[in-house]
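Here are my notes on the model you sent.

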Amino acid sequence: MDADVIVIGAGLAGLVAACELAAKGRRVIILDQEGPQNLGGQAFWSFGGLFFVNSPEQRRLGIRDSYELALQDWMGTAGFDREEDYWPRKWAEAYLAFAASEKRDWMRSLGVKFFPVVGWAERGGYGAAGPGNSVPRFHITWGTGPGLLEPFIARVEEAVKQGTIRLLFRHRVDHLVQEAGVITGVTGTVLEVSREARGQKSSRHAISSFNLKAQAVIVTSGGIGGNHDLVRRNWPARLGLPPRHMITGVPDYVDGRMLEISAMAGGRIINPDRMWHYTEGIRNWDPVWTNHGIRILPGPSSLWFDATGQLLPVPLFPGFDTMGTLAHIGKTGYDYTWFILNQKIIRKEFALSGSEQNPDLTGKSWRQVLQRASGKKATGPVEAFKEKGADFIVKDRLEDLVPAMNALAGNNLLDYETIAAAVTARDREVSHKFTKDMQITAIRGARNYIGDKLIRTAPLHRLLDPAAGPLIAVQLHILTRKTLGGLETNLSGQVLDASGNPVPGLYAAGEVSGFGGGGMHGYRALEGTFLGGCLFSGRIAGRAAAAAII
């Protein structure tokens, strides 16, 4: 045997699984098709959001949360309705129990800390039993994605020094080896050394092959978000036609290869039509990977128009329902939308997803964080997009803004009078303490939460107020991101076959397993649950494989 266990993928789930195995004294080989500069995978680029239930951070802000409320929110959001949702539902229940109990303590024991203001993502708007978070639950890791990876990378590197773990980069797995129905190893291709920077597309030139033996294999290779052909192939009819144009929220190596390879070894893929793509994508003016897009994390105040100039229906306000918005856009016949806002809103309400877009939080600098509260400008990265981003238009007058929007889109779909009527009607509604505008009601509700009032929601004001200007329009694109379905796994992380039996020796964790069970999120996610799903499923698979080794 070359190792007790082979882990395919050096992202967060793979690192967590390897740490659990090494802690039990198991010999581990971690394989990754990328170079060492990409250690940590997609998690490195993340905002570092984690979903906790009834955390000290919540309680300090007056947020009353519970497992029961979180379960109600999760099930109302997931919408489990299929026979194959048996294991995804079990994983969801187990993950919620984890998030409401030991998850935060485990993170703190590893030295991970959290920003004190809890974010309120996916606010819903459909009623108490419908999709969305009833309360804020999005906890930002102090240090963002790199800060979350830090303790696991340190433990893996220490295990490498001790000889317990071997890291083999530029090793692409092409086949899972089976003997008498048992997974006994992998074969694959050694790729030429890559000197591209982290996240950049690397060569696929082969220089040799490899064959490695182990008692078990854990697949932690990620999803399909970097492979638009696979995204379109799995696009469900309920979301309309696949977008003709999409931008990409993950590096090129997120290609979905190991899903098919695992299926060829007997693993069952379920819920491939369940995906999580964002509707607030903007083209990166300084791209790292192919077709690189960034997501705006919006507060609730921007007016959201479709490509023809119609306001999106209630409750599809910024930050309320990603999947509902995606489905609505798919029915319009166009694959882009517009925000209209002003400087007062962008300063307080625009955040950008990604560790590199939040140098203050990533660099753990309180001095830089506090600068967000002063001046009239947004954060440096947001202002850079406003100045250099291809999707941003800045004008003093609405009559100049709308023609510029048409020019950017390359059509004349937007009628100035229609847009002006919508903006003017909205502005009239902020002149008194009553309203029939549900977006204004939502803004007032948001500002009742101290976290939103401090850093995420601008005071109500007229969009056309010159003192709040200039006016800003942002063209928004569909941004590919997460795979919600995947390899079906039981609560030990074992990959199941078409008959529901474990494939001996084969485990999966992270996005390739739908973050657990083949899709613990169901149709929709509550946010902060993707990194958490990698942590939870990686830990379970690592511990289960360690216990199964003879």
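1. Terms for angles come before anything else. Angles under 35 degrees count as roughly parallel, over 145 as roughly antiparallel, 65 to 115 as roughly perpendicular and the rest as oblique. Axes are lines fitted to C-alpha atoms, for helices over the stretch in contact, and angles run from 0 to 180 degrees between N-to-C directions. Helices (H or I, at least four residues) and strands (E, at least two) are DSSP runs, numbered from the N terminus.

2. Some ground rules. This is a predicted model: local features need pLDDT of at least 70, side-chain atom pairs count only at pLDDT 80 or more, and totals for chains, interfaces and linings use all residues. Residues are numbered from 1 along each chain as its sequence is written, and side-chain values use heavy atoms, with hydrogens and water left out.

3. The axes of H4 (residues 86-99) and H18 (residues 530-548) come within 11 Å and cross at roughly 100°. H4 and H18 are therefore roughly perpendicular to each other. From H4, the contact (heavy atoms within 4.5 Å) uses Trp91, Ala94, Tyr95 and Phe98. From H18, it uses Gly532, Gly533, Phe536, Ser537, Arg539 and Ile540. By class, that makes six nonpolar, three polar and one charged residues. Here Ala, Val, Leu, Ile, Met, Phe, Trp, Tyr, Cys and Pro count as nonpolar, Asp, Glu, Lys and Arg as charged, and the others, Gly among them, as polar.

4. Next, a sheet. Six strands form an open sheet with mixed pairing, in the order S5-S2-S1-S9-S21-S20. Two strands pair if DSSP finds at least two bridges between them. S5 (165-169) and S20 (494-496) stand at the edges with a single partner strand each, so one side of each has no neighbour in the sheet. The twist averages 30° from one strand to the next.

5. S20 pairs with S21 (residues 502-508) in the antiparallel sense, over two bridges. Gln494 has Tyr507 in S21 as its bridge partner.

6. Which helices pack on this sheet? H6 (residues 144-162) touches S2 (28-32) and S5, and its direction makes about 105° with that of S5. H18 lies across S1 (5-8), S9 (216-219) and S21, running at about 140° to S21.

7. Now the backbone. Most residues other than glycine have a negative phi, and most peptide bonds are trans. A cis peptide bond joins Val314 and Pro315, with omega about 5°. Pro315 lies in the loop between S14 (303-306) and H9 (322-332). The bond from Gly469 to Pro470 is also cis, with omega near 5°. Pro470 sits in the loop between H17 (450-455) and S18 (471-483).

8. Two residues other than glycine with positive phi deserve a look. Lys364 has a phi of about 55°, in the loop between H11 (359-362) and H12 (366-370). Glu527 has a phi near 75°, in the loop between S21 and H18. Are they buried or exposed? Buried means under 20% relative accessible area, exposed over 50%, partly exposed in between (1.4 Å probe, protein chains only). Lys364 is partly exposed at 37%, whereas Glu527 is buried at 7%.

9. Finally, the whole chain. The secondary structure comes to 18 helices and 21 strands. Buried residues make up 61% of the 550 residues. The C-alpha atoms fill a box of roughly 75 × 50 × 45 Å, taken along the principal axes.
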